[in-house]
Amino acid sequence: MNVTVDEDRCRGHGVCSALCPEVFDLSDDGYATAQQPEVPQRLEQAARTAATSCPERAITLH
Ligand code: F3S
């Protein structure tokens, strides 16, 4: 599974990083980046939860 964060949609809510910090990092300006674009299997459920919890729907899993 791979993850991407749409920089245009991210508004810096930070839910993703709170729920799955191993995959999502917040930059200095508060926006999310995927520090592990290829999600390890053990983190897939947490990454899914983060994606569905993002209020801006900025996270795509594929
Ligand atoms: Fe951005 Fe959504 Fe995370 S708005 S900081 S991708 S919860």
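Trainee: Cys16 first. Buried or exposed?
Mentor: Buried, because its relative accessibility is 7%, and the cut-off for buried is under 20%. Keep in mind that this is a predicted model.

Trainee: And Cys54, buried or exposed?
Mentor: Cys54 counts as buried too, at 10% relative accessibility.

Trainee: How many disulfides does a search of the whole structure find?
Mentor: The count is 0. A disulfide is a covalent bond between the sulfur atoms of two cysteines.

Trainee: On to the ligand. Where does it sit?
Mentor: In the largest cavity.

Trainee: Which residues surround it?
Mentor: Cys10, Arg11, Gly12, His13, Gly14, Val15 and Cys16 are among them. The list also includes Leu26, Ala32, Cys54, Glu56 and Ile59.

Trainee: How does that shell divide by residue type?
Mentor: 7 nonpolar, 3 polar and 2 charged.

Trainee: New topic: Glu44. Where is it placed?
Mentor: Glu44 belongs to helix H2, which covers residues 44-53.

Trainee: Is Glu44 buried or exposed?
Mentor: Buried, since its relative accessible area is 19% and the limit is under 20%.

Trainee: What is Glu44 in contact with, leaving aside neighbours within four places in sequence?
Mentor: Met1 and Val39.

Trainee: Last one. What about the phi of Arg57?
Mentor: Positive, about 50°, and Arg57 is not a glycine. Most residues other than glycine have a negative phi.

Trainee: Where is Arg57 found?
Mentor: In the loop between H2 and strand E4 (59-61).

Methods
Residues numbered from 1 in each chain as written. Predicted model: local features only at pLDDT ≥ 70, side-chain atom pairs only at ≥ 80, totals over all residues. Heavy atoms only, no water. Helix = DSSP H or I, 4+ residues; strand = E, 2+ residues; numbered from the N terminus. Buried < 20%, exposed > 50% of the residue type's maximum accessible area, 1.4 Å probe, protein only. Contact = heavy atoms within 4.5 Å. Near = heavy atom within 4 Å. 1 Å grid on protein atoms, 1.4 Å probe; cavity = no way out; pocket = protein on both sides within 12 Å on 5 of 7 lines; lining within 4 Å. Sits in = over half its atoms within 2 Å of the grid points. Nonpolar A, V, L, I, M, F, W, Y, C, P; charged D, E, K, R; others polar. Disulfide = S-S within 2.5 Å.
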